[in-house]
Amino acid sequence: MSTTATPVHLRHGLKVRHLTMMGLGSAIGAGLFLGSGVGIAKAGPAVLISYLVAGFVVVCVMRMLGEMGAALPASGSFSHYARIGIGEWAGFVMGWLYWFMLIMVLGAEIVGSSAIVSQWLPSVPQWVIALVFVTFFAVVNLAKVSNFGEFEFWFAALKVAAIIGFLVIGVLLVFGLFPGTEPVGFTHLLGDGGFMPNGFAGIAAGLLVVAFAFGGIEIVTIAAAESRDPERAIGTAVRSVVWRISVFYVGSIAIMVLLLPWNDPALQSGPFVAVLDQANISYVSGLMELVVVIALLSAFNAQVYGTSRMAFSLARRNDGPAALTRLSKSGVPTNAVWLSVFFGFVSVLLTWLLPDSLLGILLNSVGAALLVIWVFIVVAHLRLRPKLEREGKLSVRMWLFPYLSYLTLALLGAFVVLMAFDGDARKQLISTLVLVLVIFGLSLINSRRRAREPAAATAR
């Protein structure tokens, strides 16, 4: 007779290096490799300002998350903080909104990676390639969490190494230190219509693209609950992820706008490959395409993890179907993983039906969801900070509290205003607000159901 008991909690199998690479793995994906060219096309070289502003907001949001996560590690992370800091409805809305957003991004990652591989294997339909990828990562995510963490560590490490290599080659090209090249100077940075060819409106439009690009970095705090020393691990991981993301993003974009005209079509189709083509090194651009595929699949892998843990946490708090709380013997929320994988298979089906337009549809459907989630995080932090300070739980502290927190909130509000005055973004904003209202309505229904359950139990 077996004595192995079914676990009732997630296992603590993740190390600090796993958390760090998971944050990098989720954030360095479609937003950087596919979306950076779109941002440059909208703002020109001034997209650097867009990245600096958005990067500042992300750094502040992550610091707040790091403070709350180190004090109160939980698998639901910021959904849990919204629940205890703002109210039960906020935890429900924020958790399911984040889940929905990552499901959409998850689809974008699998479509983007399968589209590139289908160019290498023209005889194989794109949907078949996507199906193979989704099946493989279903197996990875159903394994015990330490195996998942190790896999994601090496996957993310490959693309980090590639970006470092890209930065080194890019700097050599900029200064004309590469054989057969001349220093580029500021020809492209200040020429072709100037540094701000589309004015402040271009910077504003770039901000909306850039804000999405940083999405996913917050997955570090979700994973903290499965680390061996959550309080220490999350502080270390957040600090490490923040500066690395800042250097990688801003550094990569700076090289792109220095080396190529901002309106070069090659930047939109494949910005990293377009830059490396300048070096005329055999196979480097092809190798970069492989790295882009690895980056997208790494992000997909991390997002299956993030959506499954968020769904598990919501269900544990009675904000979702109880079936999602089921854990395997290795401590993996299997049903929650299968739910995420199911939507991965849905994206495969849509890849077959809409092979050319699906990526754009998925990216647009995310809309302003990320901004709404960040607003919830900041408000929850402002509400929880005094309580955590009184209880002496702060091992990580937000800088210049509450001034930077309020400044971050004001900048997020400014992003929303920018969306309201941008034609395409306004549609996304409206669709996101409708989605938030729908989830809020579901939260009210869920609250009434929970209120009836104790009464029914008492009556029996």
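Hi everyone, let's start inside the protein: the second largest cavity holds about 30 Å³ of space. A cavity here is a set of points on a 1 Å grid over the protein atoms alone, where a 1.4 Å probe fits but cannot get out, and its volume is the space filled by probe spheres set on those points. This is a predicted model, where local features need pLDDT of at least 70, side-chain atom pairs count only at pLDDT 80 or more, and totals for chains, interfaces and linings use all residues. Residues are numbered from 1 along each chain as its sequence is written, and side-chain values use heavy atoms, leaving out hydrogens and water.

Which residues line the second largest cavity? They are Glu 88, Trp 89, Phe 92, Asp 319, Ser 443, Asn 446, Ser 447 and Arg 450, each with an atom within 4 Å of a point. Helix α20 gives the largest share of this lining, four residues. Helices are DSSP runs (H or I, at least four residues), numbered from the N terminus.

The axes of α4 (residues 47-71) and α18 (residues 369-390) come within 10 Å and cross at roughly 45°. Axes are lines fitted to C-alpha atoms over the stretch in contact, and angles run from 0 to 180 degrees between N-to-C directions.

Terms used:
On a 1 Å grid over the protein atoms alone, a cavity is a set of points where a 1.4 Å probe fits but cannot get out, and a pocket is an open set with protein on both sides within 12 Å along at least five of seven lines; lining residues have an atom within 4 Å of a point. Helices (H or I, at least four residues) and strands (E, at least two) are DSSP runs, numbered from the N terminus.
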